[in-house]
Amino acid sequence: TLQAELRPYQEDGIHWLARLAHWGVGACLADDMGLGKTLQTLGLLLIRAPEGAAIVVVPTSLVDNWIDEARRFAPTLNLLIYAGSPSERKSMLTTLAPFDVLMVTYGLLQNDIESISATHFHSAVIDEAQAIKNAATKRAQAVRTLDAGFRLATTGTPVQNNLMDLFSLFSFLNPGMLGSAAQFREVHAIPIERDND
């Protein structure tokens, strides 16, 4: 039910995301601004929607953009804005169903992580994923506790400061895949950044 004419690379992107989801591994969709990361993500969410609810974590400034794009391109998804009083927000988590997409800001995710992490999502998306570039922050720790069958990070800048940004992203996407932070720093970050190896 995606209401868009996709460019070939966007169609390839959706197929790639669906394949990774089927394999049970997370995906990082890193591309320049304006090339359709949100559209490709909506395509994937539509594919996965019949199996269960999704959560999309976004900066506050992008909530309206997500609502507009979802209404335009994926009208069969039921976007739910995670807002209201604490009891209203907690109630939202108990009524999630297939085709529901819970839109949560990074700030509210961090505040309500106990109740949100107790909810299973079929898919979890973090948009502008450079927001978790520092693995030690409460924000990065919060997204890592999400319970989801598939994890997707979208970003235009997967590495902003140094290679440890990439370690933080993959700690959310595929926990343990890159080893510990110390191992990753020793085996990859230092040789690449310091020694140009």
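Figure 1. The model shown is a predicted one.

**Figure 2. The whole chain.** Start by getting your bearings: the protein chain has 9 helices and 8 strands. Its radius of gyration is 17 Å, close to the 16 Å that the globule rule gives for 197 residues, so the chain is as compact as a globular protein of that length. Along the principal axes, the C-alpha atoms fill a box of roughly 50 × 40 × 30 Å.

Figure 3. Strands of a sheet pair through backbone hydrogen bonds, either parallel or antiparallel. Here 6 strands form an open sheet with parallel pairing, in the order β1-β8-β6-β2-β4-β3. Which strands stand at the edges? They are β1 (27–30) and β3 (78–81); each has a single partner strand, so one side of each is left without a neighbour in the sheet. From one strand to the next, the twist averages 20°.

**Figure 4. A closer look at β1 and β8.** Strand β8 covers residues 151–155, and β1 pairs with β8 in the parallel sense over 4 bridges. To find your place in this view, look for Ala30, which stands opposite Thr155 in β8.

**Figure 5. Helix α2 against the sheet.** Follow α2 and you will see that this helix lies across β1, β2 (54–58), β4, β6 (123–127) and β8. Relative to β8, α2 runs at about 165°.

**Figure 6. The cavity inside.** Rolling a probe the size of a water molecule over the atoms shows where empty space is left. How many cavities of 30 Å³ or more does the structure hold? There is 1, and the largest cavity has a volume of about 40 Å³. Among the residues lining the largest cavity are Leu45, Arg48, Phe99, Asp100, Val101 and His122. Sorted by class, the lining has 7 nonpolar, 3 polar and 2 charged residues.

Conventions: Residues numbered from 1 in each chain as written. Predicted model: local features only at pLDDT ≥ 70, side-chain atom pairs only at ≥ 80, totals over all residues. Heavy atoms only, no water. 1 Å grid on protein atoms, 1.4 Å probe; cavity = no way out; pocket = protein on both sides within 12 Å on 5 of 7 lines; lining within 4 Å. Points joined across faces, edges and corners; volume = space filled by probe spheres on them. Nonpolar A, V, L, I, M, F, W, Y, C, P; charged D, E, K, R; others polar. Pairing = 2+ DSSP bridges. Helix = DSSP H or I, 4+ residues; strand = E, 2+ residues; numbered from the N terminus. Axes fitted to C-alpha atoms, helices over the stretch in contact; angles between N-to-C directions. Contact = heavy atoms within 4.5 Å. Rg over C-alpha atoms; globule rule 2.2 N^0.38 Å.
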